[in-house]
Amino acid sequence: MKKRLVIWLIALSACAAWGQTSVAEAWLSMPDSLCPFLSQQHRLQLLQYAKAGLTDTIENRFEGRSYIDSIDLSGNYLSLQLTPNLHFSLQTADSLITIEQVICAPICNATTCIYSADWRLIRKEKQPWRIEQTEEEEIQYF
């Protein structure tokens, strides 16, 4: 009886974990084409820094500086500043991976993409532009 209970509990926990992708797994398995600034080696290096509690920056493929500004491995969320004008975030929930990229220069444009665990695009959504500057900064551009 105890043996059956243990086997049943193991099977149940395996089923619960099946289909869930952690943010670290998604970050490392992400195709380079979705974040051309960072190679898989760069992504691994940034993840190791974050797990060690460091906030180091690395030089990306385009000779800029990139860093993780927020990570929650238990909450499955990762946020990066790829360039001064490009913010990138990755979030996992169940078997879905959501990536949001916000580009600001000086008007911001956000793109949100939802992928399956094997990186097949499910939905892509562009959000309307918005100005992120104060009124004083806006006047400089117009």
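**View 1. One disulfide turns up in a search of the whole structure.** This is a predicted model, in which local features need pLDDT of at least 70 and side-chain atom pairs count only at pLDDT 80 or more, while totals for chains, interfaces and linings use all residues. Residues are numbered from 1 along each chain as its sequence is written, and side-chain values use heavy atoms, with hydrogens and water left out. The bonded pair is Cys104 and Cys108, with sulfur atoms 1.9 Å apart; a disulfide here is a pair of cysteine sulfur atoms within 2.5 Å. The link of Cys104 and Cys108 is right-handed, with 115° about the S-S bond.

View 2. Buried means under 20% relative accessible area, exposed over 50%, and partly exposed in between (1.4 Å probe, protein chains only).

**View 3. Trp27 and Leu90 have the most contacts inside the largest nonpolar core, a set of 25 residues.** Such a core joins buried Ala, Val, Leu, Ile, Met, Phe, Trp, Tyr and Cys residues through side-chain atoms within 4.5 Å. At least two core residues come from each of α2 (23-29), α3 (40-51), β3 (77-83), β4 (86-93), β5 (96-104) and β6 (107-116). Helices (H or I, at least four residues) and strands (E, at least two) are DSSP runs, numbered from the N terminus. The largest share, 4 residues, belongs to α2.
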